[in-house]
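Please work through each task with the model open before reading its solution.

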Amino acid sequence: MITRQMQCLAILALILALAGCATTSPIRAAETTEQTAFAAYGTFTVYQELAGDIMRDTAVPDRVKLAIQRAEGKAKPIADSLSEAARELLRVRREYQAIMASEDGDGADRAQQRLLEAAEGVSRWITELEPAMADLIRAVGEV
Amino acid sequence: MDPQLIAQLLLALGQAARTPAIQQESIAVWIELAGRLIQKGSEADAALRALEAQIRRMVAEQREPTEQEWESLRARSDAVHHAIQNWKPD
């Protein structure tokens, strides 16, 4: 009975700790696709670092660490693909701006198309990252 | 953090609290873990606030993240990734 109450207290502690996080949203603060990508990758990194701290904690059971390791291993390649796509968008945008400055009409159409495709790629990876990050947070919450 | 993610996390925690393995944990371990969770939660919150401030500065300066900012973030992520993936159970 007392153990059950302690479990509830531990869960309440986590709820209170996360309530602070809930008021903080780097992703909502972003306005452009590149800023959103950076905020999403940064948020992932913060939870990754939180997971890393938990992995070093000797009081945490191995089964929890294994779950964290699995979730992080799945999410990291997705986050890295987002990072690559966002940096590609940065390069394509620079090319587009250079072409626009040179007033090359044909080149501008092609560059605009590439810019749209690159932006779509970034949005796709942000969408992919969300459930993978949720799994990582869930694994961290198993503590 | 997305409220939906918090809801999912709370759901998972509710399930975890009902599992026999977790019910067998000692009171002392639960008290200790509660304290650690508060500390870790506030550390994560401080890091998220710093990131949010960085994004707000980008918005105010009307600029995109630079290659250097991406490099720095990626290096942090890579370092912790290697540490997590190199962990082995005793």
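**Exercise 1: the second largest pocket**

In this predicted model, the second largest pocket is lined by Phe38(A), Gly42(A) and Val46(A) from chain A, and by Ala47(B), Ala50(B), Leu51(B), Gln54(B), Glu69(B), Ser72(B), Leu73(B) and Arg76(B) from chain B. Task: state which elements give two or more residues to this lining, and how the lining divides by class.

Solution. Step two sorts the lining residues by class, which gives six nonpolar, three polar and two charged.

**Exercise 2: α4(A) against α4(B)**

Task: decide whether α4(A) is roughly parallel or antiparallel to α4(B), and describe the residues of their contact by class.

Solution. Two packed helices are described by the angle between their axes and the distance between the axes. Step one takes both values: α4 of chain A, residues 62-102, packs with α4(B) at an angle of about 165 degrees, and the axes are 11 Å apart. Step two applies the cut-off, and because angles over 145 degrees count as roughly antiparallel, α4(A) is roughly antiparallel to α4(B). Step three turns to the contact, where α4(A) contributes residues including Glu72(A), Lys76(A), Asp80(A) and Arg87(A), while α4(B) contributes, among them, Glu67(B), Trp70(B), Arg74(B) and Asp78(B). The residues of this contact divide into four nonpolar, seven polar and eleven charged. The crossing of α4(A) with α4(B) is left-handed.

**Exercise 3: two further helix pairs**

Task: find the relative direction of α4(A) and α5(A), then that of α3(A) and α4(B).

Solution. Step one treats α4(A) and α5(A), the latter spanning residues 105-141 of chain A, whose axes come within 8 Å and cross at roughly 165 degrees; the two helices are therefore roughly antiparallel to each other. Their contact holds 28 nonpolar, four polar and seven charged residues, and the crossing is left-handed. Step two treats α3(A) and α4(B), whose axes come within 9 Å and cross at roughly 30 degrees, which makes α3(A) roughly parallel to α4(B). By class, the contact of α3(A) with α4(B) has eleven nonpolar, six polar and five charged residues, and this crossing is left-handed.

Terms used: Residues are numbered from 1 along each chain as its sequence is written. Chains are lettered from A and ligands numbered from 1 in the order in which they are written. This is a predicted model: local features need pLDDT of at least 70, side-chain atom pairs count only at pLDDT 80 or more; totals for chains, interfaces and linings use all residues. Side-chain values use heavy atoms; hydrogens and water are left out. On a 1 Å grid over the protein atoms alone, a cavity is a set of points where a 1.4 Å probe fits but cannot get out, and a pocket is an open set with protein on both sides within 12 Å along at least five of seven lines; lining residues have an atom within 4 Å of a point. Helices (H or I, at least four residues) and strands (E, at least two) are DSSP runs, numbered from the N terminus. Ala, Val, Leu, Ile, Met, Phe, Trp, Tyr, Cys and Pro count as nonpolar, Asp, Glu, Lys and Arg as charged, and the others, Gly among them, as polar. Axes are lines fitted to C-alpha atoms, for helices over the stretch in contact, and angles run from 0 to 180 degrees between N-to-C directions. Angles under 35 degrees count as roughly parallel, over 145 as roughly antiparallel, 65 to 115 as roughly perpendicular and the rest as oblique. A crossing is left-handed if the near helix is turned anticlockwise from the far one by less than a right angle, and right-handed if clockwise. Contact means heavy atoms within 4.5 Å.
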